Amino acid sequence: MSTLTGTRHLVRLILRRDRFLLPLWVLILAVLPMSYAASFFELFPTAAERAAYTAGTARNPSIIALLGPVYGDSVGALTAQRSGFLLVIVGLASLLTVIRHTRTEEEAGRRELLGATVLGRYAGLTAALLVTYAADLLLGLLTAAGLAATGLPAAGSYGYGLAAALTGAVFATVGGLAAQLTETAGGARGIGIAVLGAAFALRLVGDTAGNDWPSWLSPLGWAARVRPFEGDRWWVLALPLVASVLVAAVAYPLSVRRDLGAGMLPPRLGPATAGPALAGPFGLAWRLHRGQLLWWSVGFGLLGLILGGAAEAAGRSVAGNPQLEEIMSRLGGASGLADAYLGATLSIAGLAAAGYGVQAALRMRTEETAGRAEPLLATGTHRSTWLLSHVVFALLGPVVVLAVTGLAIGLTYSISVHDAGQVGRMTAAGLAQAPAAWVLAGMAVLLFGLAPRLAPAAWALLAVCVLLGQLGAVLQLDQWLLDLSPFTHTPQVLRTAWSATPLWLLTALALALALTGLATLHRRDVPTT
């Protein structure tokens, strides 16, 4: 029997299980660069306007720290920089996909069942990598075709597309290696995300410190140094290819040297007895959610510090461009251009916070399918108490993330404009996004209670909101379509006058969805697989 026996069947199984999720993130990440290019063509039609924007904003240290360097003032160069942070998302999606179909399968016991059939030793890891590599390649090709369709040069378009695809391939392989190191999917995700964070930190230091050698140590830095549309250095693409091969050369031997269900790193033993904090379902929920909440808050706090530092420069860069002033004012609804930038930024933060809410709500489904919910509910714990213990984090978690983001933005922005009052103002503007995030969390709770197999569809609803928010204005969609997103109804509190009525209505809708999910949970079996 070959070491790859059964790979084709596992590939079909992965494609069957991810038939909705995989195309979703590929399509979204492929469409966004095209929308950025279309926006730059519309907002900066002349070379003089692009040069002014590049000098004022694209070369701002905070923007470079977040998005990466800009190598010119062409529409292509500006689009490549604006899409820089998307590479982080590509890497994250790739490594999580591989971990989901390797370590998660092993932890759930499904890998052992499959291993009892005719299955080669390398088949599981190979199938997960092949599917993810194919998704990354499709993403790169769609991205390149979309950029070329907007009128950008084909060479630069395919240069950026291949850079994005190979960046995803590197982190997919990192995910495969991380899956061999720990015995839990959470531990593997932690290692993979830590590597991604280190790559981002190296790229940030190299791009902002004036000495770019740290960026050459980061896969995210390699993608930028391909310089699509400004030189097209194809030879740089060999670096992620070599890195993927080297990481895979370590991951494959480890996959057969360890016991099934075990990791190469020994697990850390916990205390012999549980502390008082684990005495009830709320203590258990806190133990399950606290790590994610901490890292989400730290990550968005750091991001807020960078974005707040770029606000003043963003406001200056669009002065004198009436078309851009009008669009930015409509996005941010602010009295000033910097407020418009910050309003749009906080709207995106609201979408991200909704992602945390959905993730926290879907933790209940994870506990149910893993078989941990049934023994807990067999005790004196009521279903309502168990569900509410997780819903608390699904609703309060976005509040914490948004408060930290707004506070961080306010701190750096207040320093740049010498106005301490901006701290409270930006924190309030961030918190105003919470009710819309609650609606999506409430939808996740409703789906979990009503049709648990469809609960992951909450991610699709979030993706729709992202598309409507990011592409609605560019595609000139009808208002009724834009109104489908709860974020469309969030008031822009950076305006001099705004109404709190939409916030109360969104909050009421979120509570109604969550309560309906609670009611339907009582009418179905646990577990439902």
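1. In what follows, buried means under 20% relative accessible area, exposed means over 50%, and partly exposed lies in between, with a 1.4 Å probe and protein chains only. By that scale W216, at 27% relative accessibility, counts as partly exposed. This is a predicted model, in which local features need pLDDT of at least 70 and side-chain atom pairs count only at pLDDT 80 or more, while totals for chains, interfaces and linings use all residues. Residues are numbered from 1 along each chain as its sequence is written, and side-chain values use heavy atoms, with hydrogens and water left out.

2. How many salt bridges does the structure hold? There are 11 salt bridges, each a side-chain nitrogen of Lys or Arg within 4 Å of a carboxyl oxygen of Asp or Glu. One of them joins E105 to R17, with the closest N and O atoms 2.6 Å apart. Because E105 lies in helix α7 and R17 in helix α1 (residues 7–17), this pair ties together parts that are 88 residues apart in sequence; helices here are DSSP runs (H or I, at least four residues), numbered from the N terminus. E105 is buried at 8% relative accessibility, whereas R17 is partly exposed at 32%. R17, E105 and R110 are linked in a network of salt bridges.

3. A salt bridge also forms between the side chains of R100 and D18, at 2.9 Å from N to O. The pair links distant parts of the chain, since R100 is in helix α6 (residues 86–100) and D18 in the loop between α1 and α2, 82 residues apart. R100 is partly exposed, with a relative accessible area of 28%, and D18 is buried at 3%.

4. Within helix α16, R365 and E368 are three residues apart and so are separated by about one helical turn. Their salt bridge has its closest N and O atoms 3.1 Å apart. R365 is buried, with a relative accessible area of 12%, and E368 is buried at 2%.

5. A search of the whole structure finds 10 aromatic pairs, where rings of Phe, Tyr and Trp (its six-membered ring) pair if their centres lie within 6.5 Å, and planes under 30 degrees apart count as stacked, over 60 as edge-to-face and the rest as tilted. W216 and W235 form a stacked pair, 6.0 Å centre to centre with 10° between the planes. W216 lies in the loop between α11 (185–208) and α12 (219–225) and W235 in the loop between α12 and α13 (238–257), so the pair ties together parts that are 19 residues apart in sequence. W235 is exposed, with a relative accessible area of 53%.

6. W296 and Y356 form an edge-to-face aromatic pair, 5.5 Å centre to centre with 70° between the planes. This pair links distant parts of the chain, W296 being in helix α14 and Y356 in helix α16 (residues 337–369), 60 residues apart. W296 is partly exposed at 22% relative accessibility, whereas Y356 is buried at 0%.

7. Which part of the structure deserves a look as a covered element? Helix α5 (residues 75–82) is mostly covered, with seven of its eight residues buried, and those buried residues pack against α2 (21–43), α3 (47–58), α4 (61–67), α9 (123–149) and α10 (154–181). Q81, one of the buried residues of α5, has 4% relative accessibility. Leaving aside neighbours within four places in sequence, Q81 is in contact (heavy atoms within 4.5 Å) with A58, I63, I64, L67, G68, P69 and V70.

8. E106, in helix α7 (residues 103–108), is buried, with a relative accessible area of 10%. Beyond neighbours within four places in sequence, the contacts of E106 are R111, R258, D259, L260, G261 and A262.

9. T57, in helix α3, is buried at 5% relative accessibility. T57 and A310 are 253 residues apart in sequence, yet 7.6 Å apart in space, C-alpha to C-alpha.

Technical notes: Helix = DSSP H or I, 4+ residues; strand = E, 2+ residues; numbered from the N terminus.
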